[in-house]
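Visitor: Please walk me through this model, one question at a time.

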Amino acid sequence: MGNVHVLDHPLIQHKLTFIRDVSTGTKEFRELVNEVATLMAFEITRHLPLQEVTVETPVGPAQSHTLAGKKLGIVPILRAGLGMSDGVLNLIPAAKVGHIGLYRDPETLQPVEYYAKLPSDIEEREFIVVDPMLATGGSAVEAIQSLKKRGANQIKLMCLIAAPEGVEAVQEAHPDIDIYLAALDEKLNEKGYIIPGLGDAGDRLFGTK
């Protein structure tokens with residue numbers, strides 16, 4: 001069963017407070033989301049395997065370590081996920097970036113994939129799916145399914161804020177997936193917004209209404 005990890009690092013929690021604040025403008029909001037994504041990436045990569053190597057220092061050889069195992073991939077869910085992808089790349093610049101675009105069908109209210117562009121070596125990578133908000137969970141469930149059907153077998157989900165309903169939906173559909181959050185909030189309202197949340201992440205990132 002995939003686990004839920006709420007990252008309680010003081011810097012993450014401090015910056016999340018200003019991300020939530022309605023008076024935080026677009027520029028600062030975007031910078032803060034980027035910074036928190038970097039901090040979360042530090043935590044989400046804590047258990048990456050290492051291999052021992054020998055490196056020559058200015059005064060002689062040293063036994064040291066480099067990352068071993070699978071290469072990494074970052075998959076933002078369009079559009080709000082774009083606000084987190086650069087933050088992860090700050091820490092893991094060699095990672096490849098894929099994109100998955102989803103829209104909600106007005107009749108069924110279910111997410112429909114309209115765009116998917118992923119690295120060609122998908123089976124060799126461990127993927128981090130990023131989206132600021134995990135509300136109903138529909139988009140995350142569909143994005144993870146999109147990766148799996150193309151051959152991905154190691155996937156983690158990283159979101160700033162989640163509602164219990166969204167976490168439950170992902171766990172039910174994908175019990176193997178670990179979920180990393182900066183905060184687990186109270187609930188969804190009748191419009192599907194997370195309470196207290198931060199409003200519409202895409203609008204606040206890109207200055208739209």
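**Fold, helix packing and annotated sites**

Visitor: How far apart do the end C-alpha atoms of residues 6-208 lie?
Guide: The span is 33% helix and 33% strand, where helices (H or I, at least four residues) and strands (E, at least two) are DSSP runs numbered from the N terminus. The end C-alpha atoms of residues 6-208 are separated by 29 Å.

Visitor: What should I know about numbering and cut-offs, and which atoms do side-chain values use?
Guide: Residues are numbered from 1 along each chain as its sequence is written, and this is a predicted model, in which local features need pLDDT of at least 70 and side-chain atom pairs count only at pLDDT 80 or more, while totals for chains, interfaces and linings use all residues. Hydrogens and water are left out, and side-chain values use heavy atoms.

Visitor: Which domain does UniProt assign to residues 6-208?
Guide: UniProt positions are in the numbering used here, with shortened feature names, and annotations may be inferred rather than shown by experiment. The unreviewed entry annotates residues 6-208 as "domain: Phosphoribosyltransferase".

Visitor: How are H1 and H2 oriented to each other?
Guide: Helix H1 (residues 10-20) packs on H2 at an angle of about 155°, with the axes 9 Å apart; axes are lines fitted to C-alpha atoms, for helices over the stretch in contact, and angles run from 0 to 180 degrees between N-to-C directions. Angles under 35 degrees count as roughly parallel, over 145 as roughly antiparallel, 65 to 115 as roughly perpendicular and the rest as oblique. H1 and H2 are therefore roughly antiparallel.

Visitor: How many nonpolar residues does the contact of H1 with H2 have?
Guide: Contact means heavy atoms within 4.5 Å, and residues making this one include Leu11, Ile12 and Lys15 of H1 and Phe29, Leu32 and Glu35 of H2. Ala, Val, Leu, Ile, Met, Phe, Trp, Tyr, Cys and Pro count as nonpolar, Asp, Glu, Lys and Arg as charged, and the others, Gly among them, as polar. The contact of H1 with H2 has 2 charged residues, no polar ones, and a nonpolar count of 11.

Visitor: How are H2 and H3 oriented to each other?
Guide: Helix H2 (residues 26-44) packs against H3 at about 50°, with axes 7 Å apart. H2 and H3 are therefore oblique.

Visitor: How many charged residues are in the contact of H2 with H3?
Guide: Among the residues of this contact are Val33, Asn34 and Ala37 of H2 and Gly83, Met84 and Asp86 of H3. The contact of H2 with H3 divides into 7 nonpolar and 5 polar residues, and the charged number 1.

Visitor: What is the relative direction of H4 and H5?
Guide: Helix H4 (residues 138-149) and helix H5 (residues 164-173) pack at about 25°, their axes 8 Å apart. That makes H4 and H5 roughly parallel.

Visitor: Which residues of H5 meet H4?
Guide: The contact of H4 with H5 consists of 6 nonpolar, no polar and no charged residues. Ala140, Val141 and Ile144 in H4 meet, in H5, Ala169, Val170 and Ala173.

Visitor: In which loop is arginine 79, a "binding site" residue in UniProt, found?
Guide: The UniProt "binding site" feature (unreviewed entry) includes Arg79, Arg104 and Asp131. The peptide bond from leucine 78 to arginine 79 is cis, with omega near 5°. Arginine 79 is in the loop between strand S4 (71-78) and helix H3 (82-91).

Visitor: Which loop holds proline 196?
Guide: The peptide bond from isoleucine 195 to proline 196 is cis, with omega near -5°. Proline 196 lies in the loop between strand S13 (194-195) and helix H6 (201-206).
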